Amino acid sequence: MKIVLKQRSILPGFGLSLGFGVFYLCLIVLIPLSAAFLKTSTLTWHQFWHVVLSPRALASYRLSFGASLIGASINLVFGVLVAWVLVRYDFPGKRLFDSVVDLPFALPTAVAGIALTTIYAPNGWLGRPLAAIGIHAAYTALGVTIALTFIGLPFVVRTVQPVLEDLDKELEEAAACLGAGRWQTFSRVLLPTIFPAALTGFAMAFARAIGEYGSVIFIAGNMPMRTEITPLLIITKLQEYDYTGATAIAVAMLVVSFVLLLPINILQRWSSSRRAQEAPRDTPLGGTLKPAYSQRGRQ
Amino acid sequence: MAASLQTQIRGTLAPRSGAAARAISEPTVVRWLLIGIALVFLGTFLFLPLAIVFATAFQKGVGFYLQVFRDPDTLAAIRLTLLAAGIAVPLNVVFGIAAAWVIGKFDFVGKSLLITLIDLPFSVSPVVAGLIYVLLFGLQGLLGPWLIAHGIRIIFAVPGIVLATIFVTFPFVARELLPMIQSQGNEEEEAALTLGASGWQTFFRVTLPNVKWALIYGVILCNARAMGEFGAVSVVSGHIRGLTDTVPLHIEILYNDYQFVAAFAVASLLALLALMTLLVKSVVEWKAGQQFAAQSASDTESNS
C-alpha cells in the first residue's frame with residue numbers, strides 16, 4: 001500500500017480522468033436512474049402497492065423469478081460439468097467448444113429469440129419430437145425457461161473455469177493417498193473449493209435472467225397471467241400510456257436487482273479470497289515457491 | 001516461470017507413475033460420458049440456434065437472401081444501427097479508458113463505490129434502461145415540456161436510440177481494461193515520466209501498448225452489444241419503419257409479419273457479427289497469453 005501512495009504523486013491525469021468519468025457516469029446513468037425514482041415519488045404508497053401487487057404483476061413475477069431460478073439452476077449443474085470437461089479433458093474440437101461458450105454474450109437477444117422459437121415451435125427441429133411425446137416448449141413457461149437458460153449459460157462456466165485451472169493436483173493426490181475414492185475426492189475436496197465461484201455464477205445468471213427481454217418475448221407467447229414476463233408487462237403498460245404503472249413495476253425491478261448486487265459482490269469477494277488462500281497452502285513445495293513468485297511480480 | 005520450475009523440481013522428486021495418474025483421474029468410460037453430456041448440452045443450447053439462423057436464412061436460396069438486403073427499410077435499419085454504434089462505442093471507449101486509468105492507477109476514497117456504479121447498467125433490465133429515458137425526455141417526462149417548447153425530439157427519435165445504446169454498453173470497455181491496467185502496475189509509467197516523457201506520451205507509448213489487446217476486446221464486445229441491443233432501444237424507438245428502426249427491431253418486425261426467411265437473413269448478419277466477436281476474443285486471449293509469457297520470461301532474465 002505504501003507503493004500506491006508514492007505512485008499517486010507521480011502519475012498525471014487523476015483529476016481529468018476522475019472528473020470526466022464521474023461527469024459521464026452522472027449524465028448517462030445516475031441522473032436518468034434518479035428520474036425513475038422521482039417519477040414514482042409522485043405516486044402515493046397506496047397507488048404504488050396497488051400496481052406492484054396487482055394479480056397480473058404477481059403472476060409475471062412468479063414466471064420471471066421461477067423461470068430464472070430454474071434456468072440458473074440448470075446452468076449451475078451443467079456449467080460446473082462443462083467447466084470441468086473443458087479444463088480437465090482433451091477431446092477433438094475442445095477449443096471451438098470453449099470459445100462458443102460465450103455465444104449468449106455476443107449474440108443479439110432478438111436473434112437468439114427467433115432462433116430458439118423456430119427450434120422449439122411445434123414444427124421445429126426439437127419442437128416436433130417434443131410435441132410427439134406431449135411436451136409443448138414454445139409459447140409456454142417451459143419456453144421461457146429455455147430462453148433464460150440460454151442467456152445465463154456462460155456465467156457459471158466462466159466463473160468456475162479459472163478456479164479449476166488454478167487448482168493444484170496435489171490436493172487430489174493427497175486425498176487419493178489418504179484413501180478417498182474419486183467421487184469422495186470430488187464431493188469432499190473439489191466441490192467445496194469451486195462452490196463459491198459456482199454460486200457467484202449462479203447469482204449472476206439469475207440476475208441477468210430476471211431482466212431479460214429480447215430472447216424471451218418471441219418464445220413466451222406473452223399471454224397475460226400465464227406467459228407474460230415482468231419486463232414485457234412494463235412495455236405493455238407503456239404502450240397503454242400507463243406511465244405511472246410502468247414506472248412502479250420498473251422501480252420494483254430496480255430494487256430487486258440492486259438488492260441482488262449485494263450477495264453477488266459478497267460471493268465474488270468470498271470466492272476470490274478463497275482462491276488467494278488456497279494457493280500457498282497446497283503443498284510445502286508450492287508454499288515455498290508461490291509467495292516468492294508473487295513477490296517478484298510485485299517488485 | 002515459477003510454475004515450470006515447480007514442475008521441474010516435482011518431476012525429479014516424484015515422477016508420476018501410471019498408478020498415481022489413475023488415482024487422480026476418472027475411468028475412461030466416466031470421462032467420455034461427462035464429455036458427451038457436456039457436448040450435447042452445448043450442442044443443443046449453442047450450436048443449434050446458430051445452425052437454424054443460417055439454415056433458415058438461405059432456405060429460399062442465395063438470390064432471395066441478397067434481395068433482402070436491397071430492401072430500403074433494411075438498408076435504413078443497417079444505417080441507423082451503424083450510426084448508433086458509431087456514436088456509442090467511441091464515447092464509451094473514452095469513458096472506459098478514463099475510468100480504468102483512475103481506478104487502476106490510483107488509490108482514492110470511494111473507489112469501490114465507483115466500480116459498483118460503473119457496473120450498474122449490467123444489472124438494470126434493458127427495458128428499464130429504456131424506460132428511464134422515456135421518464136426523463138418523454139412527453140410526460142421531467143424534461144418533456146421544455147423539450148417540446150424548444151422543438152427537440154429525443155424519445156421516438158434517433159437521439160433516444162443513441163442514449164439507450166450508450167447506457168446498455170456503458171461498462172464494457174472499462175470492465176475489460178480495468179483488470180489489465182491493474183495487473184500492469186505503475187513501474188513502467190513511472191520510469192517513462194522520470195525519463196522526461198509527458199503524461200500523454202507516457203499513456204500512448206507505455207500504457208496503451210501494454211493493454212491494447214484488452215482494449216480491442218472491450219471495443220469489439222461493446223460494439224457487438226451496441227449493434228444487437230433490443231430491449232432498451234425497443235422502448236425508446238417508437239418503431240417507425242425506415243426512420244427509427246435498428247437492425248434488431250427490423251428483425252422483430254419482419255418476424256411478426258411472418259416474413260421468417262427475411263427475418264433470419266437479417267439476423268444472420270448479426271449472428272456473423274457475434275461469431276466475429278468470439279473469434280477476436282480467442283485471438284486476443286492467445287495474444288495476451290503470449291505477451292504474459294514473454295513478460296514472465298524477461299522477468300526471469302532480469303531476476304537471475
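User: How many residues of chain A are in contact with residues of chain B?

Analyst: Two residues are in contact if their C-beta atoms, placed from the backbone, lie within 7 Å; here, 80 residues of chain A are in contact with 78 residues of chain B. Helix 2 of chain A gives the most to the side of chain A that touches chain B, with 15 residues, where helices are DSSP runs (H or I, at least four residues) numbered from the N terminus. This is a predicted model, in which local features need pLDDT of at least 70 and side-chain atom pairs count only at pLDDT 80 or more, while totals for chains, interfaces and linings use all residues. Residues are numbered from 1 along each chain as its sequence is written, and chains are lettered from A and ligands numbered from 1 in the order in which they are written.

User: At what angle do the axes of helix 2 of chain A and helix 7 of chain B cross?

Analyst: Axes are lines fitted to C-alpha atoms, for helices over the stretch in contact, and angles run from 0 to 180 degrees between N-to-C directions. The axes of helix 2 (residues 14-40) of chain A and helix 7 (residues 126-137) of chain B cross at roughly 70 degrees and come within 8 Å, which makes the two helices roughly perpendicular (65 to 115 degrees; under 35 is roughly parallel, over 145 roughly antiparallel, the rest oblique). Helix 2 of chain A contributes A:P32, A:L33, A:A35, A:A36 and A:K39 to the contact, and helix 7 of chain B contributes B:L131, B:I132, B:Y133, B:L135 and B:L136.

User: Is helix 9 of chain B largely enclosed or open, and why?

Analyst: A residue is buried if 20 or more other C-beta atoms lie within 10 Å of its own, exposed if 12 or fewer, and partly exposed in between, with C-beta atoms placed from the backbone. Nine of the 11 residues of helix 9 (residues 158-168) of chain B are buried, so this helix is largely enclosed by the rest of the structure. Among the buried residues are B:G160, B:I161 and B:F167, and what covers the buried residues includes helix 2 of chain A and helix 7 of chain B.

User: Which residues touch the most other members of the largest nonpolar core?

Analyst: A nonpolar core is a set of buried Ala, Val, Leu, Ile, Met, Phe, Trp, Tyr and Cys residues joined through C-beta atoms within 7 Å. The largest has 169 residues, of which A:V111, B:L131 and B:L177 touch the most other members, and helix 5 of chain B supplies the largest share, 14 residues. Not counting residues up to four places away in sequence, B:L177 touches B:G96, B:I97, B:A100, B:V211, B:A214, B:L215 and B:G218.
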